[in-house]
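Here is a brisk report on a two-chain model. Keep the structure open while you read.

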Amino acid sequence: MLNEDELTRYKRQLAIFGEEGQAKLKKARVFIAGAGGLGSVTATYLTVAGIGKLRVVDNDVVALDNLNRQILYWDGDIGREKLKSAAEKLRRMNAEVTVETVSERIDHSNIDDLVSDCGLIVDAMDNFPARYALNRSALSKRIPFFHGAVHGFYGQATTIIPGKTSCLRCIFPEGPATAAPPVVGVTPGVIGCIQATEVLKYIVGMGQLLENRLLMWDGLGGRMDEVPLQRNSECKDCGDLEVG
Amino acid sequence: MRVKVKFFAAFRERFGVSEKEIELNSKASVRDLLDALCDSNKCRQELFDDTGRIKRDVKMLRKGKHIQLLDELDSELEDGDLISMFPPMFGG
């Protein structure tokens with residue numbers, strides 16, 4: 001049940017979600033992998049929307065060249081652990097939300113334990129090896145996985161439902177060669193908001209998710225488009241997964 | 001047969017259009033499509049590596065499936081196919 005403060009705090013969205021929907025958000029436990037550009041935005045909007053518990057995982061320290069896009073960190077945070085700084089801000093935004101932080105580098109060996117009892121995974125990583133670990137964990141736990149990635153003015157997002165949609169490995173059988181990509185801060189703003197929107201819709205059960213659709217944001221051209229996707233039985237990560 | 005190619009992100013800039021319809025012979029493959037799309041060595045160098053394989057940073061989906069999980073460059077095309085070309089983004 002929602003308390004009086006919550007009924008007031010969420011008044012403008014209760015008209016959309018109803019008390020039942022808002023209660024679902026309050027019960028939800030969301031795993032956010034990464035506290036960088038996408039992580040700052042998804043964590044912020046999921047916090048103000050009233051998600052019950054966020055578990056944020058990162059192991060980085062705030063650097064000056066993070067500040068053009070990682071909006072949870074400000075000048076005075078340089079040199080601090082990102083998680084400490086992020087948790088402090090998120091708790092000040094909404095004390096009703098439980099923010100858990102885990103300082104770890106995500107890989108195949110620890111991801112299942114890190115996700116633990118969370119029911120949804122948000123991809124806010126900056127590399128494909130970690131994303132593949134998230135993908136595998138989401139598939140094995142059969143929980144939704146909200147992918148996002150950015151480059152310059154361009155971004156992409158899709159929602160992966162294990163057993164129903166293509167998985168990340170179907171779309172990208174092989175990751176790209178890695179190097180720090182150029183990023184304009186507004187791009188993780190756009191893509192992170194799309195990911196957070198998908199999370200809210202999934203939990204409340206509203207609208208159409210980005211299932212089997214890779215949304216492509218072209219900030220330079222000022223347009224969105226989508227790539228149709230299909231599950232692939234040849235995929236080494238989800239090819240054997242029973243249809244759900 | 002005719003297939004439609006949609007270009008995204010850097011490929012939209014590279015080819016200067018968001019989509020293109022290409023006329024190909026029947027039984028054409030992805031390789032034939034790229035030959036038709038590429039009118040210069042520079043273009044081929046951007047799409048293929050030294051061994052003639054498509055570069056790992058060139059993502060191509062035929063009807064929603066990555067060609068690497070089909071028959072790569074030998075993947076056969078059909079009339080009316082939609083091919084999507086985009087670079088992988090990995091920043092967060």
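## The sheet of chain B

Chain B holds an open sheet of 5 strands in the order E2-E1-E5-E3-E4, with mixed pairing. Strand E2 (19–23) and strand E4 (65–66) of chain B are the edge strands, and each pairs on one side only. Here two strands pair if DSSP finds at least two bridges between them. Strands (E, at least two residues) and helices (H or I, at least four) are DSSP runs, numbered from the N terminus. Strand E1 (residues 2–7) of chain B runs antiparallel to E2(B), and 5 bridges join them. One bridge to look up is that of B:Val5, whose partner in E2(B) is B:Lys20.

## Ground rules

The model is predicted: local features need pLDDT of at least 70, side-chain atom pairs count only at pLDDT 80 or more, and totals for chains, interfaces and linings use all residues. Residues are numbered from 1 along each chain as its sequence is written, chains are lettered from A and ligands numbered from 1 in the order in which they are written, and side-chain values use heavy atoms, with hydrogens and water left out.

## Helix H3 of chain A

Helix H3 of chain A covers residues 37–49, 13 residues in total. From its first C-alpha to its last it reaches 19 Å, close to the 18 Å expected at 1.5 Å a residue. That expected span is 1.5 Å times one less than the number of residues.

Is H3(A) mostly covered or mostly open? It is mostly covered, with 11 of its 13 residues buried. Buried means under 20% relative accessible area, exposed over 50%, and partly exposed in between (1.4 Å probe, protein chains only). The buried residues include A:Leu38, A:Ser40, A:Val41, A:Leu46 and A:Ala49. A:Gly50 follows H3(A), and its phi is positive, near 95 degrees.

## Two loop residues of chain A

A:Tyr73 lies in the loop between E2 and helix H4 (82–93) of chain A. A:Tyr73 counts as buried because its relative accessible area is 3%. Leaving aside neighbours within four places in sequence, A:Tyr73 is in contact (heavy atoms within 4.5 Å) with A:Ala35, A:Ser40, A:Val62, A:Leu67, A:Lys82, A:Ser85, A:Ala86 and A:Lys89. A:Gln22 is 51 residues from A:Tyr73 along the chain, and their C-alpha atoms are separated by 28 Å.

A:Ala177 sits in the loop between helix H7 (168–171) and helix H8 (186–204) of chain A. A:Ala177 counts as partly exposed because its relative accessibility is 46%. Which residues does A:Ala177 contact, leaving aside its neighbours within four places in sequence? They are B:Arg56, B:Asp57 and B:Phe90. A:Ala177 and A:Phe128 are 49 residues apart in sequence and 9.1 Å apart in space, C-alpha to C-alpha.

## Pockets and cavities

Rolling a probe the size of a water molecule over the atoms shows where empty space is left. The search uses a 1 Å grid over the protein atoms alone. A cavity is a set of points where a 1.4 Å probe fits but cannot get out. A pocket is an open set with protein on both sides within 12 Å along at least five of seven lines. Lining residues have an atom within 4 Å of a point. Grid points are joined across faces, edges and corners, and a volume is the space filled by probe spheres set on the points. Ala, Val, Leu, Ile, Met, Phe, Trp, Tyr, Cys and Pro count as nonpolar, Asp, Glu, Lys and Arg as charged, and the others, Gly among them, as polar.

| Space | Volume | Lining by class |
|---|---|---|
| Largest pocket | about 580 Å³ | 13 nonpolar, 10 polar, 8 charged residues |
| Second largest pocket | about 230 Å³ | 12 nonpolar, 1 polar, 2 charged residues |
| Largest cavity | about 90 Å³ | 3 nonpolar, 2 polar, 6 charged residues |
| Second largest cavity | about 60 Å³ | 7 nonpolar, 1 polar, 4 charged residues |

The largest pocket is lined by 31 residues, and A:Asp58, A:Asp60, A:Met125, A:Asp126 and A:Asn127 are the closest to its centre. H6(A) gives the largest share of that lining, 3 residues. The second largest pocket has 15 lining residues, with A:His151, B:Asp57, B:Pro87, B:Pro88 and B:Phe90 nearest its centre. B:Asp57 and B:Phe90 are also among the contacts of A:Ala177.

The structure holds 2 cavities of 30 Å³ or more. Residues lining the largest cavity include A:Glu174, B:Arg53, B:Arg56 and B:Glu72. Among those lining the second largest cavity are A:Tyr154, A:Trp217, A:Arg223, B:Phe8 and B:Met89.
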